[in-house]
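Q: I am new to this structure and would like to learn how to read it. Could you take me through it step by step?

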Amino acid sequence: MTTTHPAASPPYRITPPRILHAEWHKLRSLRSTWITVVSAVVMVLGVGLTMGATYTSGGGDSDVDTVVLSLYGSVLAQIFLVVLGILMTAGEYATGMIRSSLTAVPARLPVLWAKAVVFAATVFTVMLTTSVVTFAVAQAFLHDTDQAASFTDPGVLRALVGNAGALTLMGLLALGLGALLRSVPGAIGAFIGGVMIMPEILGMLPYDVVERAIMYFPTQAAGALGSATPIPGTISPGPALLALTLWAGVTLAAAALTLKRRDV
């Protein structure tokens, strides 16, 4: 008589928490992560400290929004975070690590979503903390100038959160480009050309409809999110957040479609 035994359960199961943990482990264990994140923090804090320490009332920056003035370094920090997003996806194609990741997770798409979630949570937390600290440090120098402000002033907290959100969404857009193009140089070139340069070129066209459309481009929308007061020539924070979210979402969706249909 043959005795049947129940099938042995697999030693492990692929679950979303485990995929997230794996992506978090990869992100924090890479030297490039620490270099880019620390560089972004130093840019925001260093420029904010410099602006606060050297500012004098009645100068050429007196009409600049106080949050924008304090967080001028975010423009430079964005470059480092864009590179980090691209390295997180396209970097794995360059090293061949992506084959191991997709072998472990045959469904493929959970890997991309886990990368996006880990990146967004990390960058938003770090940059929100950096923005708040930088604003507080800058105000220690600006408290007796015409740029004096506090966290309770209208729009300040929203702008600080918006600045961190804008940097996160720009990084997610870059992460999607990296997954879509599967090339670090190609994704960086596409970001610089399509996201940073193209709006400037289109802005030379003498058409109102083009000028209006440019307001919804990523860099312009990001600028609107980080200001406590309305900036002339930009859309309001609500539409800006929606536009930037759609840019990042569409790029990630295109990357997901490519990942599902193309071989590694």
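Q: What pattern does the chain follow, read along the sequence?

A: Welcome! Helices (H or I, at least four residues) and strands (E, at least two) are DSSP runs, numbered from the N terminus. Here the pattern reads α-α-α-α-α-α-α-α-α-α-α, and the secondary structure comes to 11 helices and 0 strands. A note before we go on: this is a predicted model, in which local features need pLDDT of at least 70, side-chain atom pairs count only at pLDDT 80 or more, and totals for chains, interfaces and linings use all residues. Residues are numbered from 1 along each chain as its sequence is written, and side-chain values use heavy atoms, with hydrogens and water left out.

Q: What box do the C-alpha atoms of the chain fill?

A: Taken along the principal axes, the box is roughly 95 × 45 × 30 Å.

Q: How many of the residues count as buried?

A: Buried means under 20% relative accessible area, exposed over 50%, and partly exposed in between (1.4 Å probe, protein chains only). Of the 264 residues in this chain, 43% count as buried.

Q: Which residues touch the most other members of the largest nonpolar core?

A: A nonpolar core is a set of buried Ala, Val, Leu, Ile, Met, Phe, Trp, Tyr and Cys residues joined through side-chain atoms within 4.5 Å. The largest one has 61 residues, and Val-67, Met-127, Phe-191 and Leu-244 touch the most other members. Helix α7 (residues 156-181) gives the most to this core, with 14 residues. There is also a second, separate core of 6 residues, among them Tyr-55, Leu-69, Ala-138 and Leu-142.

Q: Which residues is Phe-191 in contact with, leaving aside its neighbours within four places in sequence?

A: Contact means heavy atoms within 4.5 Å. By that rule Phe-191 meets Gln-78, Val-82, Met-170, Leu-173, Ala-174, Leu-177 and Met-196. For the chain as a whole, residues 24 or more positions apart account for 76% of the contacts with a separation of 6 or more.

Q: Which residues of helix α5 are buried?

A: In α5 (residues 97-104), they are Ile-98, Ser-101 and Leu-102. Seen down the helix axis, these buried residues fall within an arc of 90° (the arc of the directions from the axis to the C-beta atoms), so they line one face of α5. On the other side of α5, Arg-99 and Thr-103 are exposed. The buried residues of α5 pack against α1, α4 (74-95), α6 (109-142) and α11 (237-261).

Q: Is Met-88 buried or exposed?

A: Met-88, which lies in helix α4, counts as buried because its relative accessibility is 9%. Not counting residues up to four places away in sequence, Met-88 touches Leu-27, Lys-115, Val-118, Phe-119 and Leu-175. Its C-alpha atom is separated by 8.9 Å from that of Lys-26, although Met-88 and Lys-26 are 62 residues apart along the chain.

Q: Where is Arg-108 placed, and what is its phi?

A: Look in the loop between α5 and α6 for Arg-108. Its phi is near 70°, a positive value in a residue other than glycine. At 18% relative accessibility, Arg-108 counts as buried.

Q: Where does Arg-182 lie?

A: Arg-182 is in the loop between α7 and α8 (184-202). Phi of Arg-182 is near 60°, a positive value in a residue other than glycine. Arg-182 is buried, with a relative accessible area of 13%.
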